[in-house]
Amino acid sequence: MSRIGRMPVEIPDGVQVNIKGSSVSVSGPKGELERKFSSSIKIKMEENQLLITRSSNLPAQRALHGTTRAVLNNMIVGVSAGFEKVLEYEGVGYRAEMSGPKLVMYLGYSHPIEIEPPDGITFEVEAKNRQVFVKGYNKEIVGQVAANIRELRPPEPYHGKGIHYLGERIRRKPGKSGKAM
């Protein structure tokens, strides 16, 4: 059995879970998520826990077992506590600011870049620490929006300028070394 798949998913107070066949909807204080899972994986609710079981030991089902449990756990954590990605930007003249719900970034291009948040996503900017916070209740969308922002100006290895995740290690390269003749 999958070690992750065997673990039950705890349902915190204030979160409602509805299971209709292979479709699961989760609602909580932060929002509501719904997802359809494989019909070969059985999801049942006992007391304040979700139990995930599989019908056979085929490799495809074994892979789905742990994945289903992890996705369900992310849905429950998302609607109860939410997710957050922190991006840092470094570079002369680089800055970020909020314009209503939009994020406006100045990244050394000839024009500012406006980023409209998708549904369920909010941005926060901390100018002092040069950080941008991407917050939301859907882990997949939070990660994708953060990756799209990072893609606007990826960190470069010579000076370290660009946008990177908090704690991400940028591999630095030495510059040109002059040859003595």
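Residues are termed buried under 20% relative accessible area, exposed over 50% and partly exposed in between, with a 1.4 Å probe and protein chains only. The model is predicted, so that local features need pLDDT of at least 70 and side-chain atom pairs count only at pLDDT 80 or more, whereas totals for chains, interfaces and linings use all residues. Residues are numbered from 1 along each chain as its sequence is written, and side-chain values use heavy atoms, with hydrogens and water left out.

Helix 2 (residues 59-80) has 22 residues, helices being DSSP runs of H or I of at least four residues and strands runs of E of at least two, numbered from the N terminus. Among the buried residues of helix 2 are His-65, Thr-68, Leu-72, Met-75 and Val-79. Gly-82, with a positive phi near 90 degrees, follows helix 2.

Strand 5 (residues 41-46) and strand 6 (residues 49-54) pair in the antiparallel sense over six bridges, where pairing requires that DSSP find at least two bridges between two strands. Ile-41 has Arg-54 of strand 6 as its bridge partner. Two residues lie between the strands of this hairpin, in which Glu-47 takes a positive phi near 55 degrees.

The lining of the largest pocket includes Leu-33, Arg-35, Val-71, Met-75 and Lys-139, lining residues having an atom within 4 Å of a point on a 1 Å grid over the protein atoms alone, and a pocket being an open set of points where a 1.4 Å probe fits, with protein on both sides within 12 Å along at least five of seven lines. Strand 4 (32-36), helix 2 and helix 3 (139-152) each give two or more residues to this lining.

How values were computed
Expected span 1.5 Å × (residues − 1).
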